[in-house]
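Dear colleague,

Please find the structure below, together with its sequence.

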Amino acid sequence: MMEFGEKLKQLREEKGMTQQTIAEKLYVTRQAVSRWECGARYPDILTAKKIAQILNVSMDELLSGEELKQNIEKEPVLARPVENILQTVLYTIATVAYLLMSVFGIYSFFPSEAMAHYPGRGFSWTGFFTVCTYALNFVAALTGLTLSARNKLTAKRTGDIMCLPYIIASLSFLVMIINMQIKKNGSMGIEGWITDFFIPLLFAICVWLFFAMEEQRIPYWVILLICILSGGYIALVIRHNLMFITELGFVVSTVHCLGKIGMVFLLGYQAYIWNQKRKVAYKSLEQ
């Protein structure tokens, strides 16, 4: 069975067109067309439709149903230049925010006048784990930034990255519980377990399944609800912190929330584009 790249090359040559001619009609580079023909990359579904129109063939002649499914799973979630630039900017904001939080967390372990009134100053294992969570979030954001800049952030990779903050939140809760048990300075009610452990874990599973499953079974509205609830939770944290915060603490809290807000907004944006792409792809298969 002939692959998409081979079909594209054969149909293009039959029409007497060069790679440059196709590229100019699609407003892409000749190298992009070359990569499609050699099988290194695939065009997105809308571009594939334009190619079919240019070559005056049907989508079925150009791309089989199975290839169409594989195509949409392998292509970047935000493949268009403007979409990809916005995604890269948001990952940059989150990366810088978590890098600053990691540096500040390490700095808080050492005595200094600037940290004299900061309640989290000095080394503790809880503080050390907190810095580790900042570092993990930084690595996740940096990975997303790198893949986004290279335009290689597929749906499955997106799911892996975007579910990580929720998994980290659940692990942070477990560490807090362990610390409370060791120090014997309190206990956590069922409400705390639900809001700070089970819900973030459930969110992580939903986000991962939404992006990773080849046939979408987690509807988009679930991800939208996760983004709204996450944004509301961040807003409550900001409001609470403003009541008991120093000038230095305000800066730290603001930076931390910027990282979280950037990731939440990015999740909603990526999920929306991915949902639209899948709708178009599977609608084309039905026709």
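The model is predicted, so local features are reported only at pLDDT of at least 70 and side-chain atom pairs only at pLDDT 80 or more, while totals for chains, interfaces and linings use all residues. Residues are numbered from 1 along each chain as its sequence is written, and side-chain values use heavy atoms, leaving out hydrogens and water.

The largest nonpolar core has 43 residues, of which Val207, Ile223, Ile226 and Leu267 touch the most other members. A nonpolar core is a set of buried Ala, Val, Leu, Ile, Met, Phe, Trp, Tyr and Cys residues joined through side-chain atoms within 4.5 Å; buried means under 20% relative accessible area, exposed over 50%, and partly exposed in between (1.4 Å probe, protein chains only). Helices H7, H8 (125-149), H9 (155-183), H10 (190-212), H11 (220-243) and H12 (247-286) each supply at least two residues of this core. Helices here are DSSP runs (H or I, at least four residues), numbered from the N terminus. H12 gives the largest share of the core, 10 residues. Apart from this core lies another, of 18 residues, including Ala48, Ile51, Ala52 and Leu62.

Val207 touches Gly159, Met162, Cys163, Tyr166, Ile223, Ile226 and Leu267, if residues up to four places away in sequence are not counted. Contact means heavy atoms within 4.5 Å.

In helix H2 (residues 19-26), the buried residues are Gln19, Ile22, Ala23 and Leu26. They lie on the same side of H2, because they cover an arc of only 100° around the axis, the arc being that of the directions from the helix axis to the C-beta atoms. Just after H2, Tyr27 takes a positive phi of about 60°.

Thr47 belongs to helix H4 (residues 45-54). With a relative accessible area of 17%, Thr47 is buried. Thr47 touches Leu26 and Trp36, again not counting residues up to four places away in sequence. Thr47 and Leu26 are 21 residues apart in sequence, and their C-alpha atoms are 7.5 Å apart in space.

On the surface, Ile85, Val89, Ile93 and Leu258 form a nonpolar patch. Helix H7 (residues 81-107) contributes the largest share of the patch, three residues. Ile85 is in H7, and counts as exposed because its relative accessibility is 55%. Such a patch joins nonpolar side chains (Val, Leu, Ile, Met, Phe, Trp, Tyr) within 5 Å, and like charges within 9 Å, from residues with over 30% relative accessible area and no salt bridge; a salt bridge is a side-chain nitrogen of Lys or Arg within 4 Å of a carboxyl oxygen of Asp or Glu.

Yours sincerely

Note on methods: Areas by Shrake-Rupley, 256 points an atom, 1.4 Å probe, with all protein chains shown as cover.
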